[in-house]
Amino acid sequence: MNELVSATRRLKDGDMEQHERVVIVANRTPATKTAGGLACGLLDALREKPSLWFGWSGELREDDSNSVQLSSIDSLTVAAIPLAREAHNRYYNGFANGVLWPAFHHRLDLMRFSETDYTGYLEVNRHMAEQLRPLLRPTDLLWVHDYHLLPFADMCRAQGLQQRMGFFLHIPFPVPSVAQAIPRIDELLDAMCAYDLLGFQTEDDRSAFVNLCRERRPQKPVPETGVYPIGVDPHTLRKEAELAPQVKLWPNESIQGILSVDRLDYTKGLPERFKAYAKLLEDSPELRGNVQLVQIAPPSRTDVPAYVDLRHQLTSLTGEILGRYAMLDWQPLIYVEQQYDRAALMPLYRQARVGLVTPLRDGMNLVAKEYVAAQDPADPGVLVLSRFAGAASQLDGALLVNPHDPGEVAEAMRVALSMPREERVARHRRMWAVLCASTIEGWRNRCLEDLRKVKQKGARPSVPFSVSELMRRSREAQDAEVEKAHS
Ligand code: GDG
């Protein structure tokens, strides 16, 4: 009996009920080590219900020969597949993170399109749909995540799958004037419309998508859409934050701590933040020796050139700040590229007088919510938050700033560092109430309840991205690249 058949049987034996099962499809499975919010957020919401999570195992091979690896985390079964190195590079580094990630974050200057990458992206989506198919039951509810998988439902429909399929976009959706600059946007939009329901973090993202559909495909119907801001589990996070920290960041009581935690990504506004902090030190000499910024920033997507440049820029800015302001008994800035478990981060958040979260554009930003959850309600720190993070539409007790304006960010830090306890408590109370009203569990339930309610589209007769068409495109793109290299 081959591995796949026994795997499918084990799945069915493990959960005999023939009624609905939630199937998560995401680029990564929770078995893959990642600092990303997607894995952390979904795992919390799913481990207690019988469900299946399907995605890439993190393993790269020379070819993508079939082999689904099964494991389980509590009630969650994880089905992970390896991917072929070349195809993965085109899909992940090439199109998803070389085109969609920068464009959706309004960084068209960093977008690098190649036909081969686009074909690789479609091909991996088709391959994943094909690998998932034998594991599915007719009553499954598919919940697909993020920009890596925009055409996934379309590939499933092309293979005759009729299950309900919902999609959630964790990152922002670009406004139509920016979206129209993405090569092949019309094909992608058509493919996205194969989902039964599309979920977004904010109303701005949802309306940007709907407006783009109306502009680019006026004759065709717009699918069901909804706004589902992702949340956290505030009570669990608070308990984690109360545990003894691995490290006491500011043992000297006279130093007020500012903490930032971000993946090393150009959307997170790290250089702009460092410049704002330098301005604070320059304009407020009385703070020198009494304040310290700790920046935790584990590198991500290190194969994409824009990330390499960012790292160089940050190490250089760190050196400048240290060179200019450090003293023998005081470091103004600690910059750490190491990754920490979320549980280890929580007691660190609790020690910081200021949580500094200043992305240039961000779907939600879970760090902002985690910082609020970790605070001592009787003596909380202050959140300084970019107005361009999705979280800004919910966390009205934060000091909202324009991350592009170093003076404004420096001023907010100054206000936060000297804010009286009464005001800190009042602001924190408002934000805690928001966290409790918008939890990760509620997010999951609302997304899935709405998906159950929508009218199903089912399989479609035409197959725009047929396998032979994909292969033809791939060959043409490769030929063109070889020709270019020789000319
Ligand atoms: C995307 C969107 C959206 C754990 N260890 C580290 C670390 N973690 C955890 C944090 C937090 C998560 O990673 C980071 O989540 P974010 O939301 O801040 O950012 P992205 O990774 O860009 O996530 C985002 C999210 O999806 C969920 O929908 O909110 O807008 O971009 O939970 O505790 N984070 C860092 N270092 C660690 O060592 N930086």
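Phe-95 is buried (under 20% relative accessible area; exposed means over 50%, partly exposed in between, with a 1.4 Å probe and protein chains only), and its own relative accessible area is 0%. Welcome to a predicted model, in which local features need pLDDT of at least 70, side-chain atom pairs count only at pLDDT 80 or more, and totals for chains, interfaces and linings use all residues. Residues are numbered from 1 along each chain as its sequence is written, and side-chain values use heavy atoms, with hydrogens and water left out. Let us start with the rings and then move on to a pocket and some charged pairs.

**Aromatic rings**

- Rings of Phe, Tyr and Trp (its six-membered ring) pair if their centres lie within 6.5 Å; planes under 30 degrees apart are stacked, over 60 edge-to-face, and the rest tilted.
- The count under this rule is 16 aromatic pairs.
- Tyr-91 and Tyr-121 are stacked, with 6.1 Å from centre to centre and 25° between the planes.
- Tyr-91 sits in helix H3 (residues 85-104) and Tyr-121 in helix H4 (residues 115-132), 30 residues apart; helices (H or I, at least four residues) and strands (E, at least two) are DSSP runs numbered from the N terminus.
- Both Tyr-91 and Tyr-121 are buried.
- Phe-95 and Phe-113 are edge-to-face, because their planes stand at 75°, with the ring centres 6.2 Å apart.
- Phe-95 belongs to helix H3 and Phe-113 to the loop between H3 and H4, so this pair ties together parts 18 residues apart in sequence.
- Phe-113 is partly exposed, at 31% relative accessibility.
- One aromatic cluster brings together Tyr-91, Phe-95, Phe-113, Tyr-118 and Tyr-121.

**Charges over rings**

- A charge sits over a ring if NZ of Lys or CZ of Arg is within 6 Å of the ring centre and within 35 degrees of the ring normal.
- Arg-238 lies over the face of Trp-432, 3.6 Å from the ring centre.
- Arg-301 lies over the face of Trp-101, at 4.0 Å from the ring centre.

**Helix H12**

- Helix H12 (342-351) is one of the elements that supply at least two residues each to the lining of the second largest pocket.
- Seven of the 10 residues of H12 are buried, so this helix is largely enclosed by the rest of the structure.
- Among the buried residues of H12 are Arg-342, Leu-345 and Tyr-349.

**Salt bridges**

- A salt bridge is a side-chain nitrogen of Lys or Arg within 4 Å of a carboxyl oxygen of Asp or Glu.
- By this rule there are 28 salt bridges.
- Arg-21 and Asp-140 join their side chains in a salt bridge of 2.7 Å, N to O.
- This pair links distant parts of the chain, 119 residues apart.
- Both Arg-21 and Asp-140 are buried.
- Arg-126 and Glu-130 form a salt bridge, their closest N and O atoms being 2.9 Å apart.
- Arg-126 and Glu-130 are four residues apart in helix H4, so about one helical turn separates them.
- Arg-126 is buried, with a relative accessible area of 12%, whereas Glu-130 is partly exposed at 36%.
- Glu-408 and Arg-387 meet in a salt bridge of 3.4 Å, N to O.
- Glu-408 lies in helix H14 (residues 406-417) and Arg-387 in the loop between strand E13 (382-386) and strand E14 (399-401), so the pair ties together parts 21 residues apart in sequence.
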